[in-house]
Amino acid sequence: MEELIQLDKELFLFLNNLGASTWDGFWLFMTEKFYQIPLYLLLLFFFYKYFGIRGTMITLVVVALLITATDQLSNLFKNVLFMRPRPCRADGVAEFTRFIAERCGRHGYFSGHAASSMALAFFTGLALQKHLKYIFPFMVVWAVIVSYSRIYVGVHYPGDVVTGMVVGILLGVGAFKLHTFLVRKYGEVS
């Protein structure tokens, strides 16, 4: 386990130090959830277009449950179960980290950003792929970029990000199955 942790630290420092001030603005933009609102509104429009008002209401409830689940599970792992310091706070790592984030939380295992973005990507990609041919790969690429941004800005190790992505995939697929069931049962009759 110690070797794996050391490899995670080394990979983090390698990836994090690939950054350059030219790209900092892009990665800060991608890591900030507030700037993703136009994408969320576009997705909401597609859900309304293809699932109607009842389907959209079901979607909003499922997404609220999904984001709550990813955030709370991430907080449980970070602050109760593992309490692993983030790289921007870890001795032997922080002093070599290219830290550009606004702030650095205390604990980092696993990344809530990676979990929630991948969960949303899988949920929306699966739910809309019948109507929008390229939505699934687009959403997964978006989630990978958001996830990598956490390494770039200096707040998560690659292991934090990969674990978050795996958790997000599992929760996203579960949310898709729940959504499919609820839309069939309570959605509009067409």
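The structure is a predicted model.

The secondary structure comprises six helices and zero strands. From the N terminus on, the elements therefore read α-α-α-α-α-α. The radius of gyration of the chain is 18 Å, close to the 16 Å that the globule rule gives for 190 residues, so the chain is as compact as a globular protein of that length. Along the principal axes, the C-alpha atoms fill a box of roughly 60 × 35 × 25 Å.

Of the 190 residues, 46% count as buried. In soluble globular proteins, nonpolar side chains tend to be buried together. Here, the largest nonpolar core has 37 residues. Two or more residues each come from α1 (2–16), α3 (37–82), α4 (112–128), α5 (135–152) and α6 (158–186). The helix α4 gives the most, with ten residues. Within this core, L128, M139 and W142 have the most contacts. Leaving aside residues up to four places away in sequence, W142 touches M30, Q36, L39, Y40, S117 and L120. A second, separate core has eight residues, including W27, I100, C104 and V153.

The accessible surface of the chain comes to about 10,600 Å². Carbon and sulfur atoms account for 67% of that area. The chain carries 17 positive and 12 negative charges.

Terms used. Residues numbered from 1 in each chain as written. Predicted model: local features only at pLDDT ≥ 70, side-chain atom pairs only at ≥ 80, totals over all residues. Heavy atoms only, no water. Core = buried A, V, L, I, M, F, W, Y, C linked by side-chain atoms within 4.5 Å. Buried < 20%, exposed > 50% of the residue type's maximum accessible area, 1.4 Å probe, protein only. Helix = DSSP H or I, 4+ residues; strand = E, 2+ residues; numbered from the N terminus. Contact = heavy atoms within 4.5 Å. Rg over C-alpha atoms; globule rule 2.2 N^0.38 Å. Areas by Shrake-Rupley, 256 points an atom, 1.4 Å probe, with all protein chains shown as cover. Lys, Arg positive; Asp, Glu negative; His and termini not counted. Charge placed at Lys NZ, Arg CZ, Asp CG, Glu CD.
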